Every structure is written in structure tokens, then in C-alpha cells.
Amino acid sequence: MKHLLFLKNKMILKYFPELNGLDKITMESTALKLMEEAGELSQVISKFRGLNGEKVDMSEKEIIEKMVSELLDVMQVCATMTYILEREYSINIEEKLQDHLDKLKRKGYVK
Ligand SMILES: [Mg+2]
């Protein structure tokens, strides 16, 4: 099974670090930021794929690069939300991630 290794001391901290000034960022502002970044990803997929009828002036490669960039922005915000949940609400994210993986296995989405 191929999946993101989302353990704190591995991928998440290496590629999705805790941002400076995280203590000033709230769950609410982060939730809004997630919507903003999801919107940017959605824009790339719809606008640059020509789904809104506009002429597309980006190459396939540029579109995919932009899509990946926006997807990583979404993932960074998700990581930030996990840091806030840990900090503010003492949630054990590694435990929750294992629960999530167990759920996916139970439902048959992964082996
Ligand atoms: Mg973005």
C-alpha cells in the first residue's frame, strides 16, 4: 500500500512544518484558509482545464505544476490544523491517523 507517512517526526514535519507564529493562528482562521486554498485548487482544475468555457492559455505541464502547488498549499493548511488540534485540544494526531487508516481498511478502501 502506498500512502503518505504522516508521522510527526517524518514527512509532516519535514515537508509541512509548523509555521512561525502558529500560536497566533486560530482554528477558525485556519479553517477559512483551508477554504481559500481549496478554492485556489478548484480554480486551477476548472478554469485551467477550460471547464468554464474560457480559452486556456497554459500548457498541460504548467496546469499540472500549478495543480500540485495548490494541492500542497491545501496539505500545508491541513497540517497546520493538526498542530492547532494538538496544541489547543490535546488531540493525539498519530493515534487519530491510525484510527483513520483502520477505518479505510475496515471499509475495504485499502488492504
Ligand atoms: Mg494557494
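Student: What makes the span of helix 4 (residues 93–106) close to the expected one?

Tutor: Helix 4 has 14 residues and reaches 20 Å from its first C-alpha to its last, close to the 20 Å expected at 1.5 Å a residue. The expected span is 1.5 Å times one less than the number of residues. Keep in mind that this is a predicted model, where local features need pLDDT of at least 70, side-chain atom pairs count only at pLDDT 80 or more, and totals for chains, interfaces and linings use all residues. Residues are numbered from 1 along each chain as its sequence is written.

Student: How do you know whether helix 4 lies buried or in the open?

Tutor: A residue is buried if 20 or more other C-beta atoms, placed from the backbone, lie within 10 Å of its own, exposed if 12 or fewer, and partly exposed in between. Of the 14 residues of helix 4, zero are buried, so helix 4 lies largely in the open. In the chain of 111 residues, 8% count as buried.

Student: Why is helix 2 called roughly antiparallel to helix 3?

Tutor: Helix 2 (residues 27–47) and helix 3 (residues 60–89) pack at about 165 degrees, with their axes 9 Å apart. Angles over 145 degrees count as roughly antiparallel, under 35 as roughly parallel, 65 to 115 as roughly perpendicular and the rest as oblique. Therefore helix 2 is roughly antiparallel to helix 3.

Student: Which elements does the chain have?

Tutor: The chain has four helices and zero strands; helices (H or I, at least four residues) and strands (E, at least two) are DSSP runs, numbered from the N terminus.

Technical notes. Axes fitted to C-alpha atoms, helices over the stretch in contact; angles between N-to-C directions.
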